[in-house]
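Trainee: I would like to learn how to read aromatic contacts and pockets. Can we work through an example?

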Amino acid sequence: MSVWQLVAVGLVILLGLLGVLVPGVPGQAIVWAAVLWWALTDMTPVAWGVLIGATALLLLNQALKPLLPPRRPRETGAPRKTLMLGGIGAIVGFFVVPVIGAIPGYVGTIYGAERLRLGSHGAGWASARSVMRATGYSVLVELFACLVVAGAWLGAVIWG
């Protein structure tokens with residue numbers, strides 16, 4: 001696979017990660033399709049292993065989705081920008097502190113954005129808790145699954 005194709009696959013994966021944050025966009029399907037594209041083009045055992053792992057993880061995530069609270073972003077009172085910033089913070093955190101950095105990146109960025117918007121620690125923390133209850137957990141679980149797939153793809157490209 002050429003470098004330009006790898007860059008294109010990486011951009012599609014990034015688009016899928018951002019799609020998880022936007023309601024109505026099938027972010028998981030976009031990430032999976034990008035990995036499928038890479039595996040069908042690369043045709044190595046590592047590529048097929050990543051595709052099988054990604055398929056299993058994303059299907060498990062779909063099976064667990066009904067157990068999580070539904071997304072109700074309007075009930076929080078927080079602007080949509082807060083959730084987008086939280087998602088970007090999770091993506092950055094995932095790669096700064098591999099894998100586990102996504103969770104503090106997501107929650108910390110939501111808290112920071114709400115604290116700046118509302119002006120105090122107490123109000124920011126209360127709003128962050130409200131956002132996590134209304135939308136945060138379901139978004140975080142879906143985003144984390146997609147980030148694990150993206151990390152596996154990146155690891156396979158670099159070291160595989």
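Trainee: Which residues form one aromatic cluster?

Mentor: This is a predicted model. Phe94, Phe95 and Phe144 form the cluster. The structure holds four aromatic pairs. One of them joins Phe94 and Phe95, with 5.1 Å centre to centre and 85° between the planes, an edge-to-face pair.

Trainee: Why is the pair of Phe94 and Phe144 edge-to-face?

Mentor: Planes over 60 degrees apart count as edge-to-face. The planes of Phe94 and Phe144 stand at 80°, so this pair qualifies; the ring centres are 6.5 Å apart.

Trainee: Which helices hold Phe94 and Phe144?

Mentor: Phe94 lies in helix H4 (residues 80-96), and Phe144 in helix H6 (residues 121-159). The pair therefore ties together parts that are 50 residues apart in sequence.

Trainee: Is Phe94 buried or exposed?

Mentor: Buried means under 20% relative accessible area. Phe94 has 5%, so it is buried. Phe95, at 42%, is partly exposed. Phe144 is partly exposed too, at 26%.

Trainee: Now the pockets. What volume does the largest pocket have?

Mentor: The general idea comes before the case. Rolling a probe the size of a water molecule over the atoms shows where empty space is left. Here the largest pocket has a volume of about 290 Å³. It is lined by 23 residues, and Gln28, Ala29, Gln62, Lys65 and Glu142 are the closest to its centre.

Trainee: Which elements give two or more residues to the lining of the largest pocket?

Mentor: Helix H2 (27-42), helix H3 (45-64) and H6 do. H3 gives the most, with five residues.

Methods. Residues are numbered from 1 along each chain as its sequence is written. This is a predicted model: local features need pLDDT of at least 70, side-chain atom pairs count only at pLDDT 80 or more; totals for chains, interfaces and linings use all residues. Side-chain values use heavy atoms; hydrogens and water are left out. Rings of Phe, Tyr and Trp (its six-membered ring) pair if their centres lie within 6.5 Å; planes under 30 degrees apart count as stacked, over 60 as edge-to-face and the rest as tilted. Buried means under 20% relative accessible area, exposed over 50%, partly exposed in between (1.4 Å probe, protein chains only). Helices (H or I, at least four residues) and strands (E, at least two) are DSSP runs, numbered from the N terminus. On a 1 Å grid over the protein atoms alone, a cavity is a set of points where a 1.4 Å probe fits but cannot get out, and a pocket is an open set with protein on both sides within 12 Å along at least five of seven lines; lining residues have an atom within 4 Å of a point. Grid points are joined across faces, edges and corners, and a volume is the space filled by probe spheres set on the points.
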